[in-house]
Amino acid sequence: MRLDDDIQNIRGIGEKTAKQFERLGISTVGDLITYYPRTYKKYSEPVSVSEVNEGDRVAVFCKVVTYVEERRGRRYTITSLSASDSTGSIRMVWFNKPYLKSQFHKGEMYIFYGTIKIKGAVRVMEMPEFFTQFNYQKMLSTLQPIYPLKSGITNNSITRAIEQVKDLVLALPDSLPSNVIEEHGLMSRGEAVWWIHFPDDEEGLKSALKRIALDEFLEFLINVRRLKEKTVVESNHHQITEEARVKRDGFIAGLPFSLTEGQKAAVEDITRDMQSDYMMSRLIQGDVGSGKTVVAVIALLMNAISGYQGALMVPTEVLAMQHFEDISKMLKPYKLKVRLLTGSMTAKDKRGVYEELRTGECDVVIGTHAIIQDATEFKDLGLVITDEQHRFGVKQRERLAEKGNTPNVLVMSATPIPRTLAIILYADMDISVIKDMPADRKSIYNCVVGTEYRPSAYKFIRERVSAGEQVYVICPMVEESETVDAENVINYSEDLQEKLGDGVRVSYLHGKMKESEKHQILESFVKKEIDVLVSTTVIEVGINNPNATVMMIENAERFGLAQLHQLRGRVGRGSLQSYCIFINVKKSEESMERLKVLEESNDGFFIASEDLRLRGPGDFFGIRQSGDMNFKVADIYKHADMLRLAQDLSLTIDNI
């Protein structure tokens with residue numbers, strides 16, 4: 001069997017199952033073995049009921065002491081029972097699992113595993129797993145892989161399929177020289193891939209993740225090196241004129257605010273690059289809210305005044321529309337034609353924009369991935385800008401640059417990467433850093449609290465909504481899960497609507513929705529038709545609503561600090577005072593120490609360095625989950641040593 005074989009070649013996978021796997025992006029054997037778990041679950045020794053605290057994820061060995069009850073809620077069936085040991089009792093609750101009514105009988109003994117909640121004076125486990133004592137003993141101290149799933153595919157169906165191709169996995173060819181593997185104590189590639197799916201212990205899993213992280217970094221840096229080789233000596237065919245510099249100064253003087261020192265320095269860097277004999281390839285790195293967009297507008301203005309076309313690519317349609325409206329107004333006095341290009345536009349509207357770009361009638365186009373589609377042709381593209389650079393891979397960036405005759409390239413990122421790592425990751429670019437914040441930007445008030453604070457938080461949310469402001473609530477899950485206990489978007493939004501009352505308009509958003517649905521909800525939120533938006537991390541980038549002043553993040557302990565900082569950046573974007581409430585469900589000393597960093601600082605670069613320092617030994621995955629650089633495993637903070645090794649190796653290795 002080969003890596004490019006159809007997944008139906010694996011025993012037990014027929015046409016129907018193959019279609020379900022395709023929904024996960026798995027169509028070949030190679031896709032399957034590189035479809036890595038998103039996390040792992042480790043079962044622990046049972047504890048006494050009296051020992052548990054709210055937020056603890058524990059196992060308890062209890063007797064069923066009541067008959068199973070079943071009642072219907074508004075949108076789900078609730079199945080529950082009480083169980084106890086000699087020290088106390090716990091209420092067990094399941095949603096939409098009516099078949100469990102016949103599973104349990106009074107007097108039977110089970111081990112229940114889940115997260116403790118305290119409701120009134122009652123201990124509760126929602127959606128606990130349950131085992132016989134014998135079966136649980138087999139699970140103890142093992143690491144169970146948890147994969148990103150869709151209906152029809154289970155964790156077991158993925159692991160069973162991978163087990164069928166064990167020999168192929170272990171025999172994967174290694175791109176690293178044997179002396180490098182030996183010198184740095186690395187696993188072979190095949191061994192590492194196998195351990196990621198079937199880890200025997202935590203130390204082995206860490207070694208496997210490090211090896212795959214090294215491979216991902218190395219592949220990325222080889223691509224960056226090739227890009228640099230293409231661009232480092234490219235002549236600048238789009239030098240800006242003296243007229244562009246003069247109009248730049250007039251534009252800056254006419255702004256209703258003064259540029260910060262960091263913005264001024266970035267503008268000077270860009271101007272110098274665009275006047276030089278060689279094409280610009282520059283990264284503008286600045287924390288959320290540091291004012292990178294106005295710097296980009298100045299670059300687009302200078303480029304257009306000099307007679308060239310400019311393109312700004314952003315990660316979401318809502319952000320593209322917001323940028324289009326704002327930038328159109330800013331450039332209107334200069335009689336420049338600005339156009340929007342997104343995937344949801346009608347074919348007729350797209351054709352109109354394509355024609356204007358091809359003939360040169362359009363000066364600036366702002367859009368999403370639609371800009372790099374084959375149908376898009378420019379008459380003379382002089383400047384390419386990508387916003388939220390970590391959302392686009394090197395190949396996408398290169399594809400946009402290829403739309404013109406070696407246009408100047410500017411990328412912007414709010415990901416707080418330490419400069420030493422940024423120099424490696426953006427080896428093909430010069431770097432400008434905007435460290436200071438605009439003078440009118442108020443610091444966000446932050447607080448880290450336990451679950452007992454929720455009633456006060458709900459009251460505060462009602463007050464802010466009454467004042468005409470809007471609120472985000474972030475939950476880590478979309479729906480109730482058997483494998484992960486966490487506040488979830490769908491149920492939470494319904495409960496929140498009841499608690500806040502009919503006078504507050506609550507809606508929810510998550511990544512499994514169709515793009516058109518997400519776009520409609522975000523647009524309604526920006527138009528103030530929604531007061532409280534309950535969402536997963538899908539809103540981490542791609543929306544700018546200055547009227548949103550409160551963010552409450554449930555289960556904050558489940559996120560990396562850098563990702564929490566990115567989420568927090570959705571508020572505090574206007575002149576209104578903004579607030580961020582981090583709900584810490586776990587309440588351990590370790591989680592409180594981590595979250596206190598966010599309570600005490602709004603500096604993304606400081607937070608990123610603390611995130612690296614405070615990562616716990618059990619935190620296998622971190623920043624990479626937010627999509628940085630399109631890595632599956634590699635984490636630029638956690639695997640910084642592998643990144644530096646990859647930098648050295650990338651100079652001598654051509655392919656991986």
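Reply: Leaving out residues up to four places away in sequence, Gly360 touches Gln309 and Lys379, where contact means heavy atoms within 4.5 Å. The model is a predicted one, in which local features need pLDDT of at least 70 and side-chain atom pairs count only at pLDDT 80 or more, while totals for chains, interfaces and linings use all residues. Residues are numbered from 1 along each chain as its sequence is written, and side-chain values use heavy atoms, with hydrogens and water left out.

Gly360 belongs to the loop between helix H13 (347–359) and strand S13 (364–367); helices (H or I, at least four residues) and strands (E, at least two) are DSSP runs numbered from the N terminus. Its relative accessibility of 25% makes Gly360 partly exposed, that is, between buried (under 20% relative accessible area) and exposed (over 50%), with a 1.4 Å probe and protein chains only. Asp380 is 20 residues from Gly360 in sequence, yet their C-alpha atoms are 7.1 Å apart in space.

Two other loop residues, by contrast, are buried. Met127, in the loop between strand S7 (122–126) and strand S8 (129–131), has 8% relative accessibility. Asn555, in the loop between strand S21 (548–553) and H19, has a relative accessible area of 4%. Neither is a glycine, yet phi is positive in both: near 55 degrees for Met127 and about 50 degrees for Asn555. Most residues other than glycine have a negative phi.

Gln263 lies in helix H10 (residues 261–275) and is buried at 3% relative accessibility. Beyond four places in sequence, Gln263 touches Ser258, Ser290, Gly291, Val294, Val295 and Ile434. Thr115, in strand S6 (residues 109–119), is buried at 7%. Its side chain makes a polar contact of 2.9 Å with the side chain of Arg57; such a contact is a pair of N or O atoms within 3.5 Å, where within protein one must be able to donate a hydrogen and the other to accept it, and residues adjacent in sequence count only if both atoms are side-chain atoms.

The largest nonpolar core has 71 residues, of which Phe21, Leu32, Ile158 and Phe217 touch the most other members. A core here is a set of buried Ala, Val, Leu, Ile, Met, Phe, Trp, Tyr and Cys residues joined through side-chain atoms within 4.5 Å. Helix H8 (residues 202–231) supplies the largest share of this core, twelve residues. Away from its sequence neighbours within four places, Phe217 is in contact with residues including Phe631, Ile636, Met642 and Leu643. Another core, of 38 residues, lies apart from the largest one and includes Val267, Leu301, Leu312 and Leu383.

The helix pair remains to be described. H19 (residues 561–568) and H20 (residues 589–600) pack at about 35 degrees, with their axes 10 Å apart; axes are lines fitted to C-alpha atoms over the stretch in contact, and angles run from 0 to 180 degrees between N-to-C directions. In this pairing, Leu561, Leu564, His565 and Arg568 of H19 meet Arg594, Leu595, Val597 and Leu598 of H20. These contact residues comprise five nonpolar, one polar and two charged, with Ala, Val, Leu, Ile, Met, Phe, Trp, Tyr, Cys and Pro counted as nonpolar, Asp, Glu, Lys and Arg as charged, and the others, Gly among them, as polar.
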